[in-house]
Amino acid sequence: MSLMINIVSGALILVGLTFFLAAAVGIVRFPDFYTRMHAAGKGDTLSTILILLGVALYTVGDFSIETLLVAIKIMAIAVFIMVTSPTSTHALMQAGYDDGIKPFEKEKEDKKDSEDQPEV
Amino acid sequence: MKHGISSHQGLLGDAVQKQWPPRPMYRFLIFILILANWLIFSGLFGAFHIGLGILCAGIVTFVSSDLMFEDRSKSIAERMQEISRLPSYLVWLLWQIVLANVYLLKLALSPGGLEEVSPRIVRFNTKLKSDFARFVLAQSITLTPGTVTVKIVGDEFYVHAISKAAADGLDGAMEGWIAHVYEPEVKAKPA
């Protein structure tokens, strides 16, 4: 049973790290400030949830009230990150936008089709 | 949002500068929430520590319960219904986050991924009325990778999307869900 839990939590952490890797690569590869914020600011939403879930699961491996409380605290961190991370991303994006950083755009045809985006 | 005046009432007319009915249940609910936090974070269940917790939660509730659930135009029963509709939305949102993260991972790691990156700023008007529902929508848009809310001007959302596919994802399904949870009286236009 505890082996099962170890394997599952290990797998969760590994998948989370893969998403983190993608975010890190994205920061290097993406073309401009805004797209890099996409990778930096919230490539970590799912990966953080997965890693913390893995750690929490590992903690409740030997079940008791105390380990359960620790697991709840760990998941509370995940909730805080899900609230604060978009807020800080949003603040940086707005600061960049108001500061007049030109968003990178592809060719003309792409631009045209962004103009006839359907409403909502 | 102004203190003590809900945006709903503000929209309906100017004759509503009055406060809501007292609704003491909100205080009780806040007390219970703070106490639950105390119990989880202390992890000590002796009579002494629980007594301390009740004392502290009581003081905090007395001093600052006005700051939580600022908008008390809804009764506690309505608020509970609202909260009971929330989990299904959260599950849906979590699934959207998974899908979008996989998409972003593909974009970042695959050799041809950069071909698909063509950022754009999408604008749309929201039908959500209350500040809190708009806040939830903005946070949800930002949480799902590929799209970030840049700013909200009046009713208009400025959303930066990393590619065409990400921009197409903003089809109003999310807004519909949030309207369903917080403002069932607003019928969001189906996409």
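Of the 120 residues in chain A, 29% are buried (20 or more other C-beta atoms within 10 Å of a residue's own, with C-beta atoms placed from the backbone). Heads up: this is a predicted model, where local features need pLDDT of at least 70, side-chain atom pairs count only at pLDDT 80 or more, and totals for chains, interfaces and linings use all residues. Residues are numbered from 1 along each chain as its sequence is written, while chains are lettered from A and ligands numbered from 1 in the order in which they are written.

**Chain A**
- You get 5 helices and 0 strands here, with helices (H or I, at least four residues) and strands (E, at least two) taken as DSSP runs numbered from the N terminus.
- Contacts (C-beta atoms, placed from the backbone, within 7 Å) with a separation of 6 or more are 66% between residues 24 or more positions apart.

**Helix H4 of chain A**
- Just after H4(A), A:Gly100 has a positive phi of about 85°.

**Chain B**
- Domain 1 (7-67) and domain 2 (76-182) come from the domain assignment, which is an automatic or database one; their C-alpha centres are 30 Å apart.
- Strands E2 (residues 147-153) and E3 (residues 156-161) run antiparallel, joined by 6 bridges (pairing takes at least two DSSP bridges).
- B:Val148 stands opposite B:His160 in E3(B).
- The E2(B)–E3(B) hairpin has 2 residues between the strands, and B:Gly154 takes a positive phi near 60° there.

Methods
Buried ≥ 20, exposed ≤ 12 C-beta atoms within 10 Å, placed from the backbone. Contact = placed C-beta atoms within 7 Å.
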